[in-house]
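I am opening a notebook on this structure, and I want to go through its core and its charged pairs one after the other.

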Amino acid sequence: MGKLKGKGVMVALDTSLERAVQVVDALKNAKGHFSLKVGRPLEMKHTIHVISLLKQKSDLPVVYDGKIADIPHISSIIAQLAFDAGADGVIVHGFCGSDTLSALKELGLGDVIVVADMSHPGSQDFYAKHFHEIVDRAVQLDVDGIVVPATKPERIQFVRDRFSGYILSPGVGVQGAKPGVPSNYGADWEIVGRAVYDAEDPKRAAEEHYRCVLGER
Ligand code: XMP
């Protein structure tokens, strides 16, 4: 545990395996602090073992973004499979409540990262209304990370003011938030997908983003 400390860019690999491997290879030589996020698209195409494969290719920390959302027993099985494959952290929906979050913490196998709100307009229907309660619960349970969208920077600040773990912030690039803004408001990891894996030069795109995270651009 602890591999996800520090500010950096987390690259979401929601692409083909071939492209994901190219991106990982490019990141190995890139200047900056990077980590990887494996979500359902890659997992469903290649099974959870895609995490083991990516771990063999680099030392970069890997988060499994299964957006786990089930009862504690089933959520634990899902998380265990991801940790067994080499994930350093797993992402779980905060709306599942304390028992599911506690069950993942009790596994003691890696970081537990909780979604507190989302970036898409539909998040206003339900998620956004319970943001403060979810953050309170996640802080009480001493989770490792909290996901807060880059499109709502004041919410990043809210979490930063009361949470000593790390903040992950998606929604930079294609979804509209500017690189560097989440970091300015206290995020540790800016999550970016298409703007890196669809870039002609993913190494350059990732490095430029990292400089924004440091406030150098
Ligand atoms: P793009 O291509 O938009 O990819 O840079 C973004 C990545 O982040 C995930 N994502 C979210 N995850 N809360 C989350 O927990 C959100 O609000 C959110 N918005 C985007 C998305 O799954 C993709 O991997």
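Before looking at pairs within helices, I note that a helix here is a DSSP run of H or I with at least four residues, numbered from the N terminus. I also keep in mind that this is a predicted model.

Entry on the helix H1 pair. I looked up Asp25 and Lys28, whose side chains meet in a salt bridge at 3.2 Å, N to O. Because the two residues are 3 apart in helix H1, about one helical turn separates Asp25 from Lys28. I found Asp25 partly exposed at 32% relative accessible area, and Lys28 is partly exposed as well, at 44%.

Entry on helix H2. Here I found Glu43 in a salt bridge with Arg40, their closest N and O atoms lying 2.8 Å apart, and both belong to the helix spanning residues 40-46. Glu43 counts as buried at 15% relative accessibility, whereas Arg40 is partly exposed at 37%.

Entry on helix H10. Lys203 and Glu207 form a salt bridge at 3.7 Å, N to O, and they sit 4 residues apart in this helix, about one turn. I noted Lys203 as partly exposed at 30% and Glu207 as buried at 12%.

Entry on the total. I count 10 salt bridges in the structure, and I also noted a network of them that links Lys37, Asp65 and Lys67.

Entry on the core. The largest nonpolar core holds 67 residues, and Leu13, Ile51 and Val159 have the most contacts inside it. Helix H1 gives the most to this core, with 5 residues. Looking past its neighbours within four places in sequence, I found Ile51 in contact with residues including Val38, Val62 and Tyr64.

Definitions and conventions
Residues numbered from 1 in each chain as written. Predicted model: local features only at pLDDT ≥ 70, side-chain atom pairs only at ≥ 80, totals over all residues. Heavy atoms only, no water. Core = buried A, V, L, I, M, F, W, Y, C linked by side-chain atoms within 4.5 Å. Buried < 20%, exposed > 50% of the residue type's maximum accessible area, 1.4 Å probe, protein only. Contact = heavy atoms within 4.5 Å. Salt bridge = Lys/Arg side-chain N within 4 Å of Asp/Glu carboxyl O.
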